[in-house]
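Here is a friendly briefing for anyone meeting this structure for the first time. Please take a look at the sequence and the model, then read on.

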Amino acid sequence: MDRILRALRAAMHRRKRELLLARRGAQQELQNELKGTLTALLLSCEMTLRVPNLQGIAEAKVRAVYELAQQMRLKLDAAT
């Protein structure tokens, strides 16, 4: 009976550890994907803001998107 209990406890411990590692891996993968998307968004905004004669309203909107993307990047960096 003791041997069965030890084996069961070890199996439960392994399962918890495997779930934790899987969760961490999925979280890291998602963060990496989001960072890549944010980088593309930031670069697109920067390129758009360099367009000559960009109208004021359009420039303000693109700048707002750029600032939001920067805030998201900071939050993602803080989470790692």
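Glu 67 counts as partly exposed because its relative accessibility is 42%; buried means under 20% relative accessible area, exposed means over 50%, and partly exposed lies in between, with a 1.4 Å probe and protein chains only. This residue sits in helix α2, where helices (H or I, at least four residues) and strands (E, at least two) are DSSP runs numbered from the N terminus. The model is predicted, so local features need pLDDT of at least 70, side-chain atom pairs count only at pLDDT 80 or more, and totals for chains, interfaces and linings use all residues. Residues are numbered from 1 along each chain as its sequence is written, and side-chain values use heavy atoms, with hydrogens and water left out.

**The overall picture**

- The chain has two helices and zero strands.
- Along the principal axes, the C-alpha atoms of the chain fill a box of roughly 80 × 15 × 15 Å.
- The chain has a radius of gyration of 23 Å, whereas a compact globule of 80 residues would have one near 12 Å; the radius is taken over C-alpha atoms, and the globule rule is 2.2 Å times the number of residues to the power 0.38.
- Of the 80 residues in the chain, 10% are buried.

- Helix α1 covers residues 2-49, which is 48 residues, and reaches 70 Å from its first C-alpha to its last, close to the 70 Å expected at 1.5 Å a residue.
- Helix α2 has 24 residues and reaches 35 Å from first C-alpha to last, close to the expected 34 Å; the expected span is 1.5 Å times one less than the number of residues.
- Gly 56 belongs to helix α2 and counts as exposed because its relative accessibility is 54%.

**Where the helices meet**

- Gln 31, Leu 38, Leu 42 and Cys 45 are the buried residues of α1, and they pack against α2 (56-79).
- Gln 31, in helix α1, is buried because its relative accessible area is 8%.
- Leaving aside residues up to four places away in sequence, Gln 31 touches Leu 76, Ala 79 and Thr 80; contact means heavy atoms within 4.5 Å.
- Glu 67 and Cys 45 are 22 residues apart along the chain, and their C-alpha atoms are separated by 9.5 Å.

**The loop between them**

- Asn 53 lies in the loop between α1 and α2, and it is exposed because its relative accessible area is 77%.
- The phi of Asn 53 is near 60°, a positive value in a residue other than glycine.
- Most residues other than glycine have a negative phi.

**Surface and charge**

- The chain exposes about 6900 Å², and carbon and sulfur atoms supply 60% of it; accessible areas come from the Shrake-Rupley method with a 1.4 Å probe, and for residues only the protein chains shown count as cover.
- The chain has 15 positive and 8 negative charges, and their mean positions are 11 Å apart.
- Lys and Arg count as positive and Asp and Glu as negative, while His and the chain ends are not counted; the place of a charge is NZ of Lys, CZ of Arg, CG of Asp or CD of Glu.
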